[in-house]
Amino acid sequence: TADTASKLATADRLRDYFDPQRRRRMLFQHWKQQRGYFSAAARSPLPLRERVCVYRHLLREAYWAHGKLVDDLRIAWRSYIDRSRNAA
């Protein structure tokens, strides 16, 4: 169901699941997801031609996810600023 599929969950819902008290924010989740896809493709025993097709698709996926990737950067920046203010 949609309630159990993490790919369909919002970033806030995933953060709540992994850190219900949100003691610290989980940063760069979409970046880590994209890195995981590329890492899996690199480890796969595909012929070069097919691997290139997979990488091309992953690059398109990353482009389509650019809004989420930019949001991750904003969240990380805000987290850094908040920590800096609290430390001062």
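Trainee: What percentage of the 88 residues in the chain is buried?
Mentor: Buried residues make up 18% of the 88. Buried means under 20% relative accessible area, exposed means over 50%, and partly exposed lies in between (1.4 Å probe, protein chains only). The model is predicted: local features need pLDDT of at least 70, side-chain atom pairs count only at pLDDT 80 or more, and totals for chains, interfaces and linings use all residues. Residues are numbered from 1 along each chain as its sequence is written, and side-chain values use heavy atoms, with hydrogens and water left out.

Trainee: What makes up the secondary structure of the chain?
Mentor: The chain has 4 helices and 0 strands, and its pattern along the sequence reads α-α-α-α. Helices (H or I, at least four residues) and strands (E, at least two) are DSSP runs, numbered from the N terminus.

Trainee: Why is Gln34 called buried?
Mentor: Gln34 has 10% relative accessibility, which is under 20%, so Gln34 counts as buried. This residue is found in helix H2. Leaving aside neighbours within four places in sequence, Gln34 is in contact (heavy atoms within 4.5 Å) with Leu58, Glu61, Ala62, Ala65 and Leu69.

Trainee: How are H2 and H3 oriented to each other, and why?
Mentor: Their axes cross at roughly 175° and come within 10 Å. Axes are lines fitted to C-alpha atoms, for helices over the stretch in contact, and angles run from 0 to 180 degrees between N-to-C directions. Angles under 35 degrees count as roughly parallel, over 145 as roughly antiparallel, 65 to 115 as roughly perpendicular and the rest as oblique. The angle of roughly 175° is over 145, so H2 and H3 are roughly antiparallel.

Trainee: Which residues of H2 and H3 meet?
Mentor: Gln34, Tyr37, Phe38, Ala41, Ala42 and Arg43 in H2 meet Arg51, Val54, Tyr55, Leu58, Leu59, Glu61 and Ala62 in H3. By class, this contact has 9 nonpolar, 1 polar and 3 charged residues. Ala, Val, Leu, Ile, Met, Phe, Trp, Tyr, Cys and Pro count as nonpolar, Asp, Glu, Lys and Arg as charged, and the others, Gly among them, as polar.

Trainee: What kind of aromatic pair do Trp77 and Tyr80 form?
Mentor: Their planes are 35° apart and their centres 5.6 Å, so the pair is tilted. Both residues lie in helix H4 (residues 66-87), 3 residues apart, about one turn of the helix. Trp77, at 55%, is exposed, whereas Tyr80, at 43%, is partly exposed.

Conventions. Rings of Phe, Tyr and Trp (its six-membered ring) pair if their centres lie within 6.5 Å; planes under 30 degrees apart count as stacked, over 60 as edge-to-face and the rest as tilted.
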